[in-house]
Amino acid sequence: MRPPLGPIAALLLAASLLLALGTGPGEVGIGEALGSIGEHLRQLLGLGPAPAGLRDAIVWELRLPRALLAALVGAALACAGVLTQGLFRNPLADPGVLGVSAGAALAAVLGFLFGLEQHGLWVTPLLAAAGAGLVLLILLGLNRAHQGLATLLLSGFALGTLCGAIATLCLALGAERWDLGIRVMQWSLGSFEGRTWIHLAWALPPCIVGLVLAAWLRRDLDTLHLGHDTAASLGVDLVLLRRKAVLAVGLLVGAATALTGVIGFVGLLVPHLARMAGGPGHRRLLPRAAALGAVLVVLVDTLARNITG
């Protein structure tokens with residue numbers, strides 16, 4: 001008999017968030033971090049004055065939004081991986097096969113090449129979001145009613161390869177600019193450094209819509225495992241399922257990539273861990289993968305922050 005995974009996942013997520021809040025530069029421990037959050041919550045409820053000081057700035061303005069954004073991005077990428085593997089019925093499928101992250105990366109590289117990031121901190125995320133959205137629209141436009149998954153896969157692969165080739169060309173054209181290579185490398189590795197409540201607020205709407213769409217498709221994805229013909233005979237609209245799944249993956253991956261850069265391992269690895277922990281049924285697989293993805297990204301970001309800090 002397997003232990004209940006919901007409470008275990010919740011405890012793991014809570015523990016990872018506490019670790020993220022209580023470690024790092026600044027010498028603010030878990031107890032102090034919880035005290036600071038409590039004071040801020042009381043102030044928001046009108047039960048006390050606004051806390052001030054270095055401790056509160058470290059916890060409330062730096063660590064907490066970064067940890068929550070890391071959890072959200074981890075959950076989004078993990079669920080995007082579940083959707084991609086379920087849609088293509090292939091355990092090696094990764095959200096990157098649809099080319100959305102490559103489109104976001106190309107738009108960011110173009111911004112770096114022309115120096116657009118100098119006009120504000122939000123220029124690069126907005127460009128990346130526009131690039132991801134454009135690739136998503138092209139992908140949906142190329143895959144019309146009677147085209148199958150092979151066409152979708154080839155279209156995504158071709159778009160991703162094209163975007164990658166153009167990004168490489170941009171780097172070659174700007175080879176004499178050492179700062180361009182550094183900026184592109186930092187962004188392509190993915191980072192939560194400097195992320196604030198505003199970044200979290202921008203990430204929430206597309207991620208919530210994508211997660212709701214993913215939950216809505218869970219039964220159809222389970223039926224799809226029986227085969228396309230069987231699923232169609234049981235009433236699954238394969239064309240509509242494909243479009244909704246692509247839209248959900250595009251929203252989740254596009255939002256995550258636009259705000260944090262390219263993070264590639266979560267969408268492939270976490271769905272397998274979630275299946276090993278509790279089986280392939282999407283009703284439980286999606287929330288389990290979301291929790292594990294959030295835990296993994298929060299822990300990795302906390303480790304990176306402590307090593308580099």
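Is F265 buried, partly exposed or exposed? With a relative accessible area of 38%, F265 is partly exposed; buried means under 20%, exposed over 50%, and partly exposed in between, with a 1.4 Å probe and protein chains only. F265 sits in the loop between α11 and α12 (266-278). From F265 to G279 the distance is 21 Å, C-alpha to C-alpha, at 14 residues apart in sequence.

This is a predicted model, in which local features need pLDDT of at least 70, side-chain atom pairs count only at pLDDT 80 or more, and totals for chains, interfaces and linings use all residues. Residues are numbered from 1 along each chain as its sequence is written, and side-chain values use heavy atoms, with hydrogens and water left out.

**Overall fold and confidence**

The protein chain has 13 helices and zero strands. Helices (H or I, at least four residues) and strands (E, at least two) are DSSP runs, numbered from the N terminus. The radius of gyration of the protein chain is 20 Å, close to the 19 Å that the globule rule gives for 309 residues, so the chain is as compact as a globular protein of that length. That radius is taken over C-alpha atoms, and the globule rule is 2.2 Å times the number of residues to the power 0.38. The C-alpha trace spans about 60 × 60 × 35 Å along its principal axes. Of the 309 residues, 45% are buried.

Contact means heavy atoms within 4.5 Å. Among contacts with a separation of 6 or more, 76% are between residues 24 or more positions apart.

The predictor's confidence in each residue is pLDDT, from 0 to 100. Its mean over the protein chain is 85, and 94% of the residues reach 70 or more.

**Two helices**

The expected span in the table is 1.5 Å times one less than the number of residues in the helix.

| Helix | Length | Span, first to last C-alpha | Expected span |
|---|---|---|---|
| α6 (149-173) | 25 residues | 36 Å | 36 Å |
| α8 (197-216) | 20 residues | 28 Å | 28 Å |

The buried residues of α6 include L149, L152, G156, L159 and C163. They pack against α3, α4 (100-113), α5 (123-142), α7, α10 (228-233) and α11 (238-260).

In α8, H199, L200, A203, C207, G210, L213 and A214 are buried. A kink of about 35° lies at L204 in α8, shortly before the proline P205; the bend at a residue is the angle between axes fitted to the seven residues ending there and the seven starting there.

**Core and helix α3**

A nonpolar core is a set of buried Ala, Val, Leu, Ile, Met, Phe, Trp, Tyr and Cys residues joined through side-chain atoms within 4.5 Å. The largest one has 75 residues, of which L87 and L152 touch the most other members. Helix α3 (residues 54-88) gives the most to this core, with 16 residues. Another core, of eight residues, lies apart from it and includes V28, A33, I58 and V59.

Beyond its neighbours within four places in sequence, L87 is in contact with L149, L152, L221, L224, R242, A245 and V246.

Q85 is in helix α3 and counts as buried, at 3% relative accessibility. Leaving aside neighbours within four places in sequence, the contacts of Q85 are N90, P91, A93, G267, L268, P271, H272 and R275.
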